[in-house]
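Hi,

Here is the structure I said I would pass on.

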Amino acid sequence: METSTVNNNFKSDEYFINMGPQHPATHGVLRLLLTIDGETIKKVEPDLGYIHRSIEKMCERDSYQQIVHLTDRMDYLSSNINNEAVCLAVENALQIEVPDRVKVIRTIIGELTRIASHNLWWGVMGMDVGALTTYFYAFRDREMINDIFEETCGARLTMNYNIPGGLMFDIHPNFIKRVKEFITHFKTKLPEYDTLLTNNVIFQKRMRGVGILSKEDAISYGASGPVGRGSGYSCDVRKTNPYSALDKVTFNEALRTEGDSFARYEVRIQEMWESISIVEQLIDNIPEGDYKVETNAVIKLPKGEFYQKVETARGEFGVYIISTGTKNPYRLKFRSPGFSNLSLLNHIAVGGKIGDLVASMATLDLVIPDIDR
Amino acid sequence: MTNEALQNLIGTWVPNPVTSELEFTEEESQFLNISVQPADLHQLMTQLKSNSETSFDYLFCLSGVDWGKELGVVYHLESTTHRHIIVVKVKTEDRENPVFDSVYDIWKTAEFHEREVFDFFGIKFNNHPNLKRLFLTEDWDGFPLRKDYVDDINMIVK
């Protein structure tokens, strides 16, 4: 059915090929319909829905505590930050003030999640453009973060550590020691990433000037996160709308103005340094106190509409709740960063080669369950 | 710009604020909300984007909503220069053939978001460049995020 519609629009020397849904460079089940002239891309049309689970419909049936668990399954590499978004939305609606200890722990774990996510991205992005070693370097370092998470809450990826009102458990006695060990370790390893990949001439030639996105287009396409910031668009929610303990720390927003794939790459590398700095500022200053405030067993939000945005590793994640005063949301919409970032893929890929498409797509850092909610 | 200043400014764009049915409210929401008639939607959106004092250039969330009797779309807009936020709502009671104007020509991100709304709510958008189902297959029956959607096999109702 797709084939026939494409066929009707063919010019004589154009043809189309499928990329995906099982292509290694699409990092999940994303199918791209490429219209090609020779090896030049004329059009990229994403075909979505292979793993759509209709989480928004399930949310209308579930309680607010249950919804937190579903958000893990969207952007699984930023699971803790997604959890935090729903919890913040519910806490703001109920006007609950969580203890400072919770805010600081949430921020530390959020930044560790960001490092882990960027780390994995760096590994697979190197692999996409043919540098296999990066994968093993990245997974070696990421493993330490996952071990910390496992000790803290029992899960390595889909954490479920946040609940409305605070955290599910207090941190493990080893937490501070192990985070410090990781930071010391990672600060010696991150410069190796530059030596291995960033300064590699072949890599740079594949990335520079490829997939250019202007600032105006970035805003118009709703780009956020490192994709927007690579185009010089200052869009870090941690700066514009600070949440949890992010107003207590100082960090720089990573910004590049080139707008090409290499700029997006550099933004993410710098963000890892900034996240290290945020964790360092907070890890010795975790306040004493409770790790949660008690909420009612059945949470009912007041009638009204609530919006909460946070900065995940991929960009701006929003939770829009319409409540009618019952224990379920009337309507819940997730604004996922990957969805908007995918929509600009056609714009940056047209006119390039198929190899450039792989490089551009790698720097968009798509996570398909985040798009197919 | 504060919500009050925004409300005053946008109120002056329409010739007669009493009859034009532009409703402002801040009740039950943290943002300023505007309800607009479907016929006036595109003109209002164009002005919100192009006016230098409002300059809402970032459409960060576009959601379809089924209010029971009415179907509608909620637009969350932010200005990247002034950093103010506004919410625009448009509703229709026509559940058989709901149609609004597309805002794709104003914000390009609307292309995918409007396709998602069409897929799950069956709301059509005039002048959309490629309006077809985005996640579901072309032969899918019904619109799953509507409140009256029934699927005895795949849906678990509590």
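Predicted model: local features only at pLDDT ≥ 70, side-chain atom pairs only at ≥ 80, totals over all residues.

I began with the rings: over all chains, the count comes to 18 aromatic pairs. One of them is Tyr307(A) with Tyr320(A), whose ring centres are 6.2 Å apart and whose planes meet at 40 degrees, so this pair is tilted. The two tyrosines are 13 residues apart and link distant parts of the chain, with Tyr307(A) in strand β6 (residues 304–311) of chain A and Tyr320(A) in strand β7 (residues 316–323) of chain A. Both Tyr307(A) and Tyr320(A) are buried.

For chain B the mean pLDDT is 84, with 94% of the residues at 70 or more.

Now the sheet in chain B. It is open and mixed, with five strands in the order β1-β2-β5-β4-β3. Which strands stand at the edges? They are β1 (23–25) and β3 (58–66) of chain B; each has a single partner strand, so one side of each is left without a neighbour in the sheet. From one strand to the next, the twist averages 20 degrees. As a reminder, strands of a sheet pair through backbone hydrogen bonds, either parallel or antiparallel. Here β3(B) pairs with strand β4 (residues 71–78) of chain B in the antiparallel sense, over eight bridges, and Leu62(B) sits opposite Tyr75(B) of β4(B).

Two helices of chain B pack on this sheet. Helix α1 (residues 3–13) touches β1, β2 (32–36) and β5 (85–92) of chain B, and its direction is at about 20 degrees to that of β2(B). Helix α2 (residues 41–50) touches β2, β4 and β5 of chain B, and its direction makes about 170 degrees with that of β5(B).

You will find Ser340(A) in helix α13 (residues 337–343) of chain A, and at 1% relative accessibility it counts as buried. Beyond its neighbours within four places in sequence, Ser340(A) contacts Tyr221(A), Gly222(A) and Arg335(A), plus Thr109(B) and His113(B) from chain B.

On to the cysteines: how many disulfides are there over all chains? The count comes to zero. For Cys153(A), the closest cysteine sulfur is that of Cys87(A) at 13 Å, which is too far for a bond. Cys153(A) is buried, at 14% relative accessible area. Cys235(A) is in no disulfide either, and its nearest cysteine sulfur, in Cys61(B), is 16 Å away. With 5% relative accessibility, Cys235(A) also counts as buried.

Last, some backbone angles. Most residues other than glycine have a negative phi. Asp365(A) is not a glycine, yet has a positive phi of about 55 degrees. Asp365(A) sits in the loop between α15 (354–364) and α16 (368–371) of chain A, and is buried at 7% relative accessibility. Asn127(B), likewise not a glycine, has a positive phi of about 65 degrees. Asn127(B) lies in the segment after β7 (124–126) of chain B and is exposed, with a relative accessible area of 71%.

Cheers

Notes
Residues numbered from 1 in each chain as written. Chains lettered and ligands numbered in written order. Heavy atoms only, no water. Helix = DSSP H or I, 4+ residues; strand = E, 2+ residues; numbered from the N terminus. Buried < 20%, exposed > 50% of the residue type's maximum accessible area, 1.4 Å probe, protein only. Contact = heavy atoms within 4.5 Å. Pairing = 2+ DSSP bridges. Axes fitted to C-alpha atoms, helices over the stretch in contact; angles between N-to-C directions. pLDDT = per-residue confidence, 0-100. Disulfide = S-S within 2.5 Å. Phe/Tyr/Trp six-rings, centres within 6.5 Å; stacked < 30°, edge-to-face > 60°.
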